Amino acid sequence: MQPDAGDYGLIPDAALVTEGAHIAWLGPMADLSKQYASVGITPLAGRLITPAFIDCHTHIVHGGNRALEFEMRLQGASYEEVARAGGGIVSTVTATRDTSEADLLAAALTRADALIAEGVSTIEIKSGYGLDIETELKMLRTARQIAAHRPVRVSTSFLGAHAVPKGGDADTYIDEVCLPALKAAHAEGLVDMVDGFCEGIAFDVPQITRVFDAAHALGLPVKLHAEQLSNIGGTELAAKYNARSADHVEYATEADARALAAAGTVAVLLPGAFYTLHETQKPPVAAFRAHGVPMALATDWNPGSSPLGSLLLSMNMGCTLFGLTPAEALAGTTRHAAAALGLTDSGTLTAGQRADLAIWNVSSPAELSYGIGINPLHARIFAGQAT
């Protein structure tokens, strides 16, 4: 999965050597150095090894579910109509506030287990269902605990600018809740990145700008939910702040693609939300290709717009709904997903990288995107250890 290795950089009849938590060597078995002649060998009988998957956009810490809103949408209600009727994000906020930290953790671990079972080694987890200082911190503490209970890495994103509390004012909320919560979370060491939802039903560009300025003042990188339902300038803002990623981006333009490319910002495609919300506006994949914008794929696992717990299915959807190639889908869940989180030690099979590996019962990498509801994982290696 090296950028210059062609579609996959596939090495047939290969060997991979791990030392501790890292990859020591890989290449054709015939070229294996004599210095490794005495190490233990695990034959894999022609199976495929890839970098372990990285789910770079999730909301798996939350209370409750929104199955009733699923019914509403099936009866014709739009995402905006559900939100304006008091549903949507705000309904999950109520459930999350009412759920104890222990219960939040138990539910999140179940979701993490589903991702781990598909070869995922790293999960990005956002706050954003608290909309008050106490609950935002509770969500981030819960996310941090997951890595203590499971063999998985967790990257956290502070998403205080996710929605405006019912009956509230957006600017007042940012001043009195979002920014104080960000500072408190940073002081506790709970934040790796800062995110926001730049959309007509959430926050506009000037409001997100204030959040991003606060993030930069704290030395924190940013990312952004941008251009999911309309184009109000979020992608351009993300590029201006050299965001690690701009996510959703269905309504991004050619100019947005040029801006992301110039900034080195990853476009994170989230076909689960596109599918669930019956959207028709697809992200500009051709423009992203033309301008060299790296494209990642993620589940966006959340209780409302993307109750999707399968990164393999997200890869299939990325191909069938958005027109990605299987090679782009695999890069999107490995190399580009790592870049979306600022991880330089994961996402490719390279000497010196973490030995986070997925071993698959397939003969071709394309099979990973081809299957629907099929999990061909044989084994997962996390930091050099079978899990």
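The model is a predicted one. The axes of α4 (residues 101–116) and α5 (residues 133–149) cross at roughly 50°. They come within 9 Å. The crossing of this pair is right-handed.

Which residues make the contact? From α4 come E101, L104, L105, A108, L109 and A112. From α5 come K138, R141, T142, Q145, I146 and H149. By class, the contact of α4 with α5 holds six nonpolar, three polar and three charged residues.

Now move to the open space. Rolling a probe the size of a water molecule over the atoms shows where such space is left. In this model, the largest pocket holds about 1200 Å³. Its lining consists of 45 residues. Nearest the centre of the pocket lie A14, A15, L16, L44 and I49.

Which strands supply at least two residues each to that lining? They are β1 (14–19), β2 (22–28), β3 (48–51), β12 (357–360), β13 (377–382) and β14 (385–386). Of these, β1 gives the most, with five residues.

What is the lining made of, by class? Nonpolar residues number 32. Another 11 are polar, and two are charged.

Key. Residues numbered from 1 in each chain as written. Predicted model: local features only at pLDDT ≥ 70, side-chain atom pairs only at ≥ 80, totals over all residues. Heavy atoms only, no water. 1 Å grid on protein atoms, 1.4 Å probe; cavity = no way out; pocket = protein on both sides within 12 Å on 5 of 7 lines; lining within 4 Å. Points joined across faces, edges and corners; volume = space filled by probe spheres on them. Helix = DSSP H or I, 4+ residues; strand = E, 2+ residues; numbered from the N terminus. Nonpolar A, V, L, I, M, F, W, Y, C, P; charged D, E, K, R; others polar. Axes fitted to C-alpha atoms, helices over the stretch in contact; angles between N-to-C directions. Left-handed = near helix turned anticlockwise from the far one by under 90°. Contact = heavy atoms within 4.5 Å.
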